[in-house]
Amino acid sequence: MVYATTPSPIGTGYGRSMADSHGTATTDPHQGPREGNAAGTRDAARTGRASGTIETPVATAGRRGVGKTRQRNRDETMRNILDVATVEFSDKGYAGARVDEIARRTASTKRMLYYYFGDKEGLYIAVLERSYSHIREIESSLDVESLEPVDAIRALAELTFDHHLEHPDFVRLVANENIHRGVHIRQSEALRSLGNPALDVLGTILERGHASGAFARAADPLDVHMLISAYSVFCVANRYTFDTLFHRDLASEESREHLRTMVGDVIVGYLCHR
């Protein structure tokens with residue numbers, strides 16, 4: 001079986017429609033049937049010439065405009081599906097999530113979802129890819145070169161903390177994937193390399209800080225990443241049990257400012273003192 005891919009928001013090619021190995025036409029929900037071989041295209045061109053419907057510059061430009069509109073519609077449809085699927089998978093886990101429910105809430109069909117993503121697992125992996133890519137994009141956007149090392153590491157720690165509190169669905173997705181022992185994340189080539197950008201940003205800050213004497217410790221970027229992530233994940237993953245036991249909502253405005261400052265203090269203290 002071969003897959004025809006549609007563009008992926010993070011360049012990984014998720015979103016698949018299926019055609020058999022003989023080149024059978026595949027039906028795009030937005031475009032209708034497509035010919036599976038070049039002969040159909042040639043026949044269509046002959047028919048157009050015979051009927052006097054020869055392409056003109058105006059007709060060609062119009063078709064391009066329609067093509068852009070269709071692409072825009074496809075992108076919007078995929079974004080909508082991924083938004084709803086993120087909530088469904090993060091709330092109910094992979095096993096509990098229902099494709100029928102995602103289709104209903106996006107006013108689409110299972111057929112359309114499977115056209116774009118292949119199957120339930122393909123949709124789930126696409127959700128993971130987009131969720132991880134989002135935090136990596138935010139980390140990479142931080143202009144660490146313009147900040148002193150201490151300010152840069154504090155900014156990165158606070159940025160990660162803010163992201164986790166503002167995207168609790170990401171924390172739940174990661175927890176669910178660990179329940180499944182990472183069986184799905186290992187199937188994504190894109191996700192295997194998404195750890196590198198985080199370590200690159202950290203490595204740049206740590207090298208500058210140690211070289212300048214601002215950081216006393218020559219720390220491993222992965223250790224620092226783990227510390228920041230562990231702190232940030234705890235405040236989301238344990239919010240409700242922590243509140244019940246200790247009567248403090250870790251996501252309240254008062255707690256958030258205090259905890260946000262504290263994560264920066266913890267990381268700076270670890271790096272600046274041996």
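Q: Why is Arg 136 called buried?
A: In this predicted model, Arg 136 has a relative accessible area of 11%. Buried means under 20%, so Arg 136 is classed as buried.

Q: Where is Arg 136 placed, and what is in contact with Arg 136 beyond its neighbours within four places in sequence?
A: Arg 136 belongs to helix H5. Leaving those neighbours aside, Arg 136 touches Leu 194, Gly 195, Pro 197, Ala 198 and His 225; a contact requires heavy atoms within 4.5 Å.

Q: How do you know that the span of helix H5 is close to the expected one?
A: Helix H5 covers residues 120–141, which makes 22 residues. The expected span is 1.5 Å times one less than the number of residues, and this gives 32 Å for H5.

Q: What makes the pair of Asp 119 and Glu 121 a polar contact at the start of H5?
A: A side-chain oxygen of Asp 119 comes to within 3.3 Å of the backbone nitrogen of Glu 121. The cut-off for such a pair of N or O atoms is 3.5 Å, and therefore the pair qualifies.

Q: Which residues line the largest cavity?
A: The lining consists of Glu 139, Leu 156, Thr 160, Ala 198, Leu 202, His 225, Ile 228 and Ser 229. Two or more residues come from each of helix H6 (149–166), helix H9 (195–212) and helix H10 (221–237). H10 gives the most, with 3 residues.

Note on methods: Residues are numbered from 1 along each chain as its sequence is written. This is a predicted model: local features need pLDDT of at least 70, side-chain atom pairs count only at pLDDT 80 or more; totals for chains, interfaces and linings use all residues. Side-chain values use heavy atoms; hydrogens and water are left out. Helices (H or I, at least four residues) and strands (E, at least two) are DSSP runs, numbered from the N terminus. A polar contact is a pair of N or O atoms within 3.5 Å; within protein, one must be able to donate a hydrogen and the other to accept it, and residues adjacent in sequence count only if both atoms are side-chain atoms. Buried means under 20% relative accessible area, exposed over 50%, partly exposed in between (1.4 Å probe, protein chains only). On a 1 Å grid over the protein atoms alone, a cavity is a set of points where a 1.4 Å probe fits but cannot get out, and a pocket is an open set with protein on both sides within 12 Å along at least five of seven lines; lining residues have an atom within 4 Å of a point.
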